[in-house]
Amino acid sequence: MSKKSNTRKRYTAEFKRDAVALVHSSGKTVTEVAREIGVSAEGLRNWVRQDQADRGHGPVGTLTSDEKEELRRLRRENREQQQTIEVLKKAAAFFARESTK
């Protein structure tokens, strides 16, 4: 029985860009190109879809790579601010109790 690794292989942006270009220029299917370059067909298909979205040719409502990155950044920033608010609430409650003693 074979074991699958839980770690994902990371590909550089340049590799992804070249793979997508190969799909567009070769006239081969995504599956054929994926087999040739040693990546999963679904992964390559996702790269092609994202490239189309980045060029403005994707389905309506699909986020571009820049929009996805901004969303990640804003969510991280929001999470940090929520944590700060919680700490400040606890500190305010602590000092309110201390000042009544």
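This report walks through helix packing, salt bridges and a few individual residues in a predicted model.

## Helix 1 against helix 2

Two packed helices are described by the angle between their axes and the distance between the axes. Helix 1 covers residues 13-26 and helix 2 covers residues 30-37, and the two pack at an angle of about 135 degrees with their axes 10 Å apart. Helix 1 and helix 2 are therefore oblique to each other. Their crossing is right-handed.

Which residues bring helix 1 and helix 2 together? From helix 1 come Phe15, Ala19, Leu22, Val23 and Ser26, and they meet Val30, Val33 and Ile37 of helix 2. Sorted by class, this contact holds 7 nonpolar residues and 1 polar residue, with no charged ones.

## Helix 2 against helix 3

The axes of helix 2 and helix 3 come within 8 Å and cross at roughly 115 degrees. Here, too, the crossing is right-handed. Val30, Thr31, Val33 and Ala34 make the contact from the helix 2 side, while Ala41, Leu44 and Arg45 make it from helix 3. By class, the contact of helix 2 with helix 3 has 5 nonpolar, 1 polar and 1 charged residues.

## Helix 1 against helix 3

How do helix 1 and helix 3 cross? Their axes come within 9 Å, at an angle of roughly 90 degrees. That makes helix 1 roughly perpendicular to helix 3. On the helix 1 side, Phe15, Lys16, Ala19, Val20, Val23 and His24 are involved, and they meet Leu44, Trp47, Val48 and Asp51 in helix 3. The residues of this contact divide into 7 nonpolar, 1 polar and 2 charged.

Some names return here from the other pairs.

Aspartate 51 sits in helix 3, which spans residues 41-54. Is aspartate 51 buried or exposed? Its relative accessible area is 16%, under the 20% cut-off, so aspartate 51 counts as buried. Beyond its neighbours within four places in sequence, aspartate 51 is in contact with Val20 and His24.

Setting aside residues up to four places away in sequence, glutamine 50 touches Leu63, Thr64, Ser65 and Lys68.

## Salt bridges

How many salt bridges does the structure hold? There are 8. Side chains of opposite charge can pair when their charged atoms come close. Lysine 28 is partly exposed, at 35% relative accessible area. Elsewhere, Glu42, Arg45 and Arg49 are linked in a network of salt bridges.

Helix 4, residues 65-99, contains the pair of arginine 73 and glutamate 70, 3 residues apart, about one turn of the helix. Their side chains meet in a salt bridge with an N to O distance of 4.0 Å. Arginine 73 is partly exposed at 36%, and glutamate 70 is partly exposed at 41%. Further along, glutamate 86 and lysine 89 form a salt bridge at 3.8 Å, N to O. These two residues of helix 4 are again 3 residues apart, about one turn. Glutamate 86 is partly exposed at 39% relative accessibility, whereas lysine 89 is exposed at 51%.

Glutamine 81 has its place in helix 4. At 44% relative accessibility, glutamine 81 counts as partly exposed. Glutamine 81 and valine 20 are 61 residues apart along the chain, and their C-alpha atoms are separated by 38 Å.

Terms used: Residues numbered from 1 in each chain as written. Predicted model: local features only at pLDDT ≥ 70, side-chain atom pairs only at ≥ 80, totals over all residues. Heavy atoms only, no water. Helix = DSSP H or I, 4+ residues; strand = E, 2+ residues; numbered from the N terminus. Buried < 20%, exposed > 50% of the residue type's maximum accessible area, 1.4 Å probe, protein only. Contact = heavy atoms within 4.5 Å. Axes fitted to C-alpha atoms, helices over the stretch in contact; angles between N-to-C directions. Parallel < 35°, antiparallel > 145°, perpendicular 65-115°, else oblique. Left-handed = near helix turned anticlockwise from the far one by under 90°. Nonpolar A, V, L, I, M, F, W, Y, C, P; charged D, E, K, R; others polar.
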